[in-house]
Amino acid sequence: MAAAAVMVSSASGLLAMLQEPAAELKLHALANLNSLVHLFWPEISTSVPAIESLYEDEEFDQRQLAALVVSKVFYYLGELNDSLSYALGAGPLFDVSDDSDYAHTLLAKALDEYASIRSRSLKAAGEEEIMDPRLEAIVERMLDKCITDGKYQQAMGMSVECRRLDKLEQAISQCDNLNGALSYCINLSHQYVSHREYRCEILRCLVKIYQTLPNPDYLSICQCLMFLCEPETVGNILGKLLFGSKDDALLAFQIAFDLVENENQAFLLSVRNCLDTLSSQTSAQALPSDQSDNAAIEPSGDAQMTDNVVTPNGSAHTVDSNEVSHADRLTKIKGILSGETSIQLTLQFLYSHNRSDLLILKTIKQALEMRNSVCHSATICSNAIMHAGTTVDTFLRENLEWLSRATNWAKFSATAGLGVIHRGHLTQGRALMAPYLPQSGAASGGSPYSEGGALYALGLIHANHGEGIKQFLRESLRNTSSEVVQHGACLGLGLAALGTADEEVFEDIKNILYTDSAVAGEAAGIGMGLLMVGTASEKAGEMLAYAHDTQHEKIIRGLSLGIALTVYGREEEADTLIEQMTRDQDPILRYGGMYALALAYRGTANNKAIHQLLHFAVSDVSDDVRRTAVLALGFVLYNEPEQTPRIVSLLSESYNPHVRYGAALAVGISCAGSGLSDAISLLEPLTSDVVDFVRQGALIAMAMVMIQTNESYDSRVGTFRRQLEKIILDKHEDTMSKMGAILASGILDAGGRNVTIRLQSRSKHDKLTAVVGLAVFTQFWYWYPLTYFISLAFSPTAFIGLNSDLKVPKFEFLSNTKPSLFDYPKPTTQQTTTASVKLPTAILSTYAKAKSRAKKDAESKALEKAEAPQSEDASTATSMQVDGGAEKKAPEPESTFQILTNPARVVPAQEKYIKFLEAGRYEPVKLAPSGFVLLRDLKPTETEELVLTDTPATQAATTAAGQQIPGASAMAVDEEPHPPQPFEYTS
Amino acid sequence: MDPKLVEVTQLFSRFKAAFARNDFDTSVGLLSQLKVLLTKFPSLPPSFQQTPNAVEELKIARDIYEHAVVLSVKIEDQDAFERDFCQLKPYYMDTCDIIPQSPEEYPILGLNLLRLLVQNRIAEFHTELELLPVNALENACIKHAVELEQSFMEGAYNRVLSARQAVPHETYVYFMDLLAKTVRDELAGCSEKGYDYMSITEAKQMLMFSSDQELREYITEEHPEWEIKDGCVFFQKAKETQPCKEIPSLQVINQTLSYARELERIV
């Protein structure tokens, strides 16, 4: 019989059949061609015109089949456009569920086509491009199929891509895991949607869906609303929650903390105002409903109550308990929204957990040559960074005489450094700085440098929370004619009024600018930018015009940075201004243009921006512009840190040292705090570059990447620390790289080793203050005092659990990994340590195995113990040292977990190991591994045990007579942090 | 036996009867019905499913198409010939393992070669030839076509014309007649290039016309640009070929310069 696989050798027979007059024969031929097209497309391609004419023949009843055959032939010929248009002609015959290459390719093509048409027609709103309804039908069929097949994520992704919010809604609503789907979409919109307006649209749609849920996730809603900038809605939600149960109030607090974390001052302010008006309006109306809930409440004077809500004074005599608690909640939430609560708690945390190593500073100080002022002020700066926000100025007080060597601008910096150390000390800030501030009235003998520095310091203390200090700074600015003081005041004002766009302040600073003094003008330019951050106001034009007028390079530079700041986060909106700046004759303005690109597209990884920057990085004639262009890549890419080393790796090998420097800092900025291995590998060779300033940049960048990483996590950290020490001790090292090494050691141990550089909040929003801080920080190339701006980028790595009174209760949770992995780095020598640190011991593998078996049993027991509600006695009896993490018994193998107590240091890399224990007294409202987390009390009747009540109490001390030395005064001497009560744990 | 097969067989016998009667209209009608019926058989190309009746079906289908080819020659329809031949070809090329060779195979292949020669599609002629097995070239029908092509290429037109007397198959006559026309066209083309003018008698002889009248008709029909006067045929030589195209020197220079500039920029 027949051979197993008889195949036709040619399609010519079938093609001939197409010419037959009988329609049945044509049909038969087409059907067969359709199934054989993958074999005979080269032959069929010569007859395509014939098949096309069949398709165009109105009377032929199988036109669609003809179209399908033609489409397939075109697909094999690689003519995807023609193929698609015929596939559309094939109508329902084109099977979207077909699992062939042809179907896959064409579907992808169809989606691309559809998405591009949709986005084009949205951009050019005037001329609507005609959408092929057949294309739309195919895409819809595809989406429907995904939804029915349960591939919701695919469907969501595609509908976002194709700008079909209706389908997105459908996909989400049919999904079984609704909350998961929504958070997936939020991620999606932040990561992949580059068009700002469209992203807003998606978020608006998501909020709509959220609100229809029976049990909405207010945390996510409010995050979306913040992005959309709708303070009223957030205000309403918060208002509603405040009236609800105790749990609702906790949720409201949590939302407020999450909002504060994103550092959007203007937004928070309007939410606060909104809450004010809301409470005065609604409390009257809300009361009846409250009463229906709670019959025990006596109806009493409504008007009086509303007053009470607005001004909760102590004279609440007839007011029922419900109202009181509401008023109390309102004040609390306003406190949170103003940022004061979190700042205060952070301050307490940083103070009590300060682990900075004074010995490092001492080594630096001793190693340096006396007369080298650059290194001298770098050391002071390094100290400030190391103690940022901890209020610990022991080092300064111990080295008064050494400190007094700082003169002129060094003095300015030294005084400003105090602001960094006391950052966030809102209540005491002014008192602390009082000795250095310009004295009104009497002509003070103080030097203008320390006065200016003090004003700048005030700005740093009150950065982004400057309501209280703004007025004072303005007055100081008006009352002085010294350009140094003006310089400090402008920076201070800019910082304190960050992003508020306050007209009066702007006018004040502008007046300084128009005096055309180089020193003051530079600060004025930056100050104006800080004031107008992200407003994209027309003021930028005014600034640009003045930049063209003035002769002073310093002023032009200040202004161009200021202009860049105004377009922060505006993405496409900023394009005209960016174009204008990058086309300018003046390299300094082009340099500002690079910053504008960086800030407008911060953390978007926008392809267009990256392209432009790379173009400037290789083509501009000015080294400054090239350096900045590369550096700016770091800002654009900080949302995808893994990408940066790859993108700049070629540039880091450039012959031009400026480009290498930029590459180093770009990696430092975008990978800050990540400890990313690729980033470290890229920076390592640069730290021993032949050019001194490249070494400087690489050292600083490396410190930024390695911040809060210890040696057991990545062994290169230890190498790097030793390298820093070597550079500092080396007599023949260039000053530039020495300065870099000193600053790097400061950054590496910043904020008492309890802060990291974080440009994105936990909810993936950009942190405005941090980004702005780093942007201005990179100006230290021209002006050392601006180094202090890096303190704005520090955010504490802490888990701080709060109860409904916003107090810190005793609460324990688990870090499910080896304690040494995320421990504090070892102090440099044993003398300075208070806690003994476990040394690594060599363990034979057999021993380790036996041990680990034994340990498992012990662990399970220990867990039981930890989970069991402990009485106080039991907790002190256990022998595990909390929070320090190091076990006393050296030869014991390291345990694989660690119990942390609230408030605890949780470094970013550690977050994924954090587990909350069940059956404890408290339950977190939100399962966040770090940051501020509200705790729900499951046993409200028992008395709570509070921790962290020791505030760094400071009294304004009198100035050390005659000596205008920073740090010598104004600090409480006797306040040493009390380590948390240790308890031990035996296995 | 399969009812469909029975139906086809009956219809085919009616077709053959009509064909034998030279009743071409009926034949054509029946043939198209047959073709439609054949599409119902899954065992036929291109699917080649192995049904129990596959051999019979294939045989009868081949037979039908062979008749179709011959019929198209008889009704002198070249397009139909090509169509039918193309559909027949898979039965010759791909089914040799299933059904025995048809006695008609070589005559029909030869016929096809002849057709290609007549239509002056020499490239395809050779392609077809290459596809044939070596021993096929020994076959009289194929050999005939091959020899004709050789003579035709050599320009030995008299041999081509004389070959009409020695056709291996009666169906070849139609194409041989057509071939004479092809030869005449070739001759006319050559004369036009070769001579400025030619006397009518010579032209008549050259182009194998028996009367002046026929020659005149041919000229008006095929070569209206020729002119007859003073007893001679004047071949209006195609107008002097237009001067060769200008070299786009400026464009080339511009391109080269811009390449050089780009190169310089890259480094």
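User: Which side chain meets that of A:Glu230 in a salt bridge, and what is the N to O distance?

Analyst: The model is a predicted one. In it, the side chain of A:Glu230 meets that of A:Arg204 in a salt bridge, at 3.9 Å from N to O. A:Arg204 belongs to helix α11 (residues 196-212) of chain A, while A:Glu230 sits in the loop between α12 (218-228) and α13 (231-243), so the pair ties together parts that are 26 residues apart in sequence. A:Glu230 is partly exposed, with a relative accessible area of 23%. A:Arg204 is also partly exposed, at 44%.

This pair is one of 46 salt bridges found over all chains. Another joins A:Lys510 to A:Glu542, with the closest N and O atoms 2.7 Å apart. This pair too links distant parts of the chain, as A:Lys510 is in helix α28 (residues 503-513) and A:Glu542 in helix α30 (residues 539-549), 32 residues apart.

A third bridge is local. The side chains of A:Asp624 and A:Arg627 meet at 3.1 Å, N to O. Both residues lie in helix α35 (residues 623-636) of chain A, 3 residues apart, or about one turn of the helix. A:Asp624 is partly exposed at 27%, and A:Arg627 is buried at 3%. Elsewhere, A:Arg199, A:Glu571, A:Arg602 and A:Asp766 are joined into one network by salt bridges that share partners.

Next, the nonpolar interior. In soluble globular proteins, nonpolar side chains tend to be buried together. The largest nonpolar core here has 368 residues, and A:Phe94, A:Tyr456, A:Ile757, A:Leu774 and A:Phe789 touch the most other members. Helix α39 (residues 692-706) of chain A gives the largest share of this core, 11 residues. A second, separate core has 12 residues, including A:Phe813, A:Phe916, A:Val933 and A:Leu935. Leaving out residues up to four places away in sequence, A:Tyr456 touches, among others, A:Phe412, A:Ala416, A:Leu491, A:Leu495, A:Pro785 and A:Phe789.

Beyond its neighbours within four places in sequence, A:Met433 is in contact with A:Thr415, A:Leu418, A:Ala454, A:Ala457, A:Leu458 and A:Ile461. Its C-alpha atom is separated by 8.1 Å from that of A:Gly419, which is 14 residues apart from A:Met433 along the chain.

Chain A also has an open sheet of 3 strands, in the order β5-β4-β7, with antiparallel pairing. β5 and β7 (914-916) stand at the edges with a single partner strand each, so one side of each is left without a neighbour in the sheet. The twist from one strand to the next averages 40 degrees. Strand β4 (residues 812-815) is joined to β5 by 4 bridges, and A:Glu812 has A:Thr901 in β5 as its bridge partner.

Chain B has an open sheet of 3 strands as well, ordered β1-β3-β2 and with antiparallel pairing. Here β1 (197-199) and β2 (227-229) are the edge strands, each with a single partner, so one side of each has no neighbour in the sheet. Neighbouring strands are turned by 25 degrees against each other on average, direction ignored. β1 pairs with β3 (residues 232-234) over 3 bridges, and B:Ser199 stands opposite B:Cys232.

Finally, some backbone exceptions. Most residues other than glycine have a negative phi, and most peptide bonds are trans. A cis peptide bond joins A:Asn902 and A:Pro903, with omega at about -10 degrees; A:Pro903 is in the loop between β5 (898-901) and β6 (904-905) of chain A. A:Asn464 has a positive phi of about 65 degrees and lies in the loop between α25 (448-461) and α26 (470-478). A:Asn464 is buried at 3% relative accessibility. A:Arg753 has a positive phi near 60 degrees, but its place is in helix α42 (residues 750-753) of chain A. A:Arg753 is buried as well, with a relative accessible area of 4%.

Technical notes:
Residues are numbered from 1 along each chain as its sequence is written. Chains are lettered from A and ligands numbered from 1 in the order in which they are written. This is a predicted model: local features need pLDDT of at least 70, side-chain atom pairs count only at pLDDT 80 or more; totals for chains, interfaces and linings use all residues. Side-chain values use heavy atoms; hydrogens and water are left out. Helices (H or I, at least four residues) and strands (E, at least two) are DSSP runs, numbered from the N terminus. Buried means under 20% relative accessible area, exposed over 50%, partly exposed in between (1.4 Å probe, protein chains only). Two strands pair if DSSP finds at least two bridges between them. Axes are lines fitted to C-alpha atoms, for helices over the stretch in contact, and angles run from 0 to 180 degrees between N-to-C directions. Contact means heavy atoms within 4.5 Å. A nonpolar core is a set of buried Ala, Val, Leu, Ile, Met, Phe, Trp, Tyr and Cys residues joined through side-chain atoms within 4.5 Å. A salt bridge is a side-chain nitrogen of Lys or Arg within 4 Å of a carboxyl oxygen of Asp or Glu.
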